[in-house]
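Please look over the model below. The report that follows covers its fold, its helices and its charged pairs.

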Amino acid sequence: MKKLIKHVKNALTLGEQDSIDKLLVLVDEYTQRQIIDADAAHFIGRILDVSNTQVRDIQTPKSRMVFFTQQHKIVDIIDTIRQTRHSRFLILDDDEMKPVGILLTKDLLTTLLTPGTAMYDDKTQLHTFKELMHSCHVTPDSKRIDHLL
């Protein structure tokens, strides 16, 4: 088992294909000898495969994205949260439809339910949620995942 840990460390820190190949052979051997189970072997293989994964392989396709513009009303946003049950939403610029931020459901709901906030006091008004947005960074879909870690 110490040998396996050593190879895992080398494969993850060095990222060299030779180390990864040696680790995969060792994982297969340990699986056959029932030192590790098939689930663990599969998990290790998926981790090592990250170096071959690009952003486009794991990102949500644009056609399935739920997003808001900065002009959306809070009432409409809450309805969408109820329908989709998503925890975060992309916020797009009103004019160019480019990403400008991320709105976390928990931040919006916390603000709405906190006494003393403008949103809590009068939920019927159109309130801006710009102060609740988190910054976002656009990453090219051809970028490899291991370069983002």
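## Charged pairs and fold

At 36% relative accessibility, D141 counts as partly exposed. Buried here means under 20% relative accessible area, exposed means over 50%, and partly exposed lies in between (1.4 Å probe, protein chains only). The model is predicted: local features need pLDDT of at least 70, side-chain atom pairs count only at pLDDT 80 or more, and totals for chains, interfaces and linings use all residues. Residues are numbered from 1 along each chain as its sequence is written, and side-chain values use heavy atoms, with hydrogens and water left out.

D141 meets R56 in a salt bridge, at 3.7 Å from N to O. R56 sits in helix α4 (residues 55-58) and D141 in the segment after α7 (118-121), so the pair ties together parts that are 85 residues apart in sequence. R56 is partly exposed too, at 40% relative accessibility. A salt bridge is a side-chain nitrogen of Lys or Arg within 4 Å of a carboxyl oxygen of Asp or Glu. Helices (H or I, at least four residues) and strands (E, at least two) are DSSP runs, numbered from the N terminus.

The structure holds three salt bridges. The table lists them.

| Pair | N to O distance | Relative accessibility |
|---|---|---|
| R33 and E29 | 2.8 Å | R33 53%; E29 32% |
| R56 and D141 | 3.7 Å | R56 40%; D141 36% |
| D79 and R82 | 3.4 Å | D79 32%; R82 56% |

D79 is partly exposed, and R82 is exposed. Side chains of opposite charge can pair when their charged atoms come close.

### Overall layout

The protein has seven helices and three strands. From the N terminus on, the order is α-α-α-α-β-α-β-β-α-α. Of its 149 residues, 28% count as buried.

Which residues of helix α3 are buried? In α3 (residues 38-48), they are A41, I44 and L48. Seen down the axis of α3, the buried residues fall within an arc of 65°, so they line one face of the helix. The arc is that of the directions from the helix axis to the C-beta atoms. The other side of α3 carries the exposed residues A38, D39, H42, F43 and R46.

Helix α5 also has a buried set: I74, I77, I78, T80 and I81. Viewed down the axis of α5, these residues fall within an arc of 160°, so they line one face of the helix. On the other side of α5, R82 and Q83 are exposed. An α-helix has 3.6 residues a turn, so residues three or four places apart point the same way. Just after α5, R85 takes a positive phi of about 60°.

### The strands

Strand β1 spans residues 67-69. β1, α5 (residues 74-84) and β2 make a right-handed β-α-β unit. A crossover is right-handed if, with the strands pointing away from the viewer, the path from the first strand over the helix to the second runs clockwise.

β1 and β2 pair in the parallel sense over three bridges. Two strands pair if DSSP finds at least two bridges between them. T69 stands opposite L92 in β2. Four of the five residues of β2 (residues 88-92) are buried, so this strand is largely enclosed by the rest of the structure.

β2 and strand β3 (residues 99-104) run antiparallel, joined by five bridges. Here L92 stands opposite P99 in β3. β2 and β3 form a hairpin with six residues between them. M97 in the turn has a positive phi of about 55°.

### A nonpolar surface patch

M97 also belongs to a nonpolar surface patch with M65 and F67. Together the patch residues have about 250 Å² of accessible area, from the Shrake-Rupley method with a 1.4 Å probe; for residues, only the protein chains shown count as cover. Patches are made of residues with over 30% relative accessible area and no salt bridge; like charges are joined within 9 Å, and nonpolar side chains (Val, Leu, Ile, Met, Phe, Trp, Tyr) within 5 Å. F67 is found in β1 and is partly exposed, with a relative accessible area of 34%.
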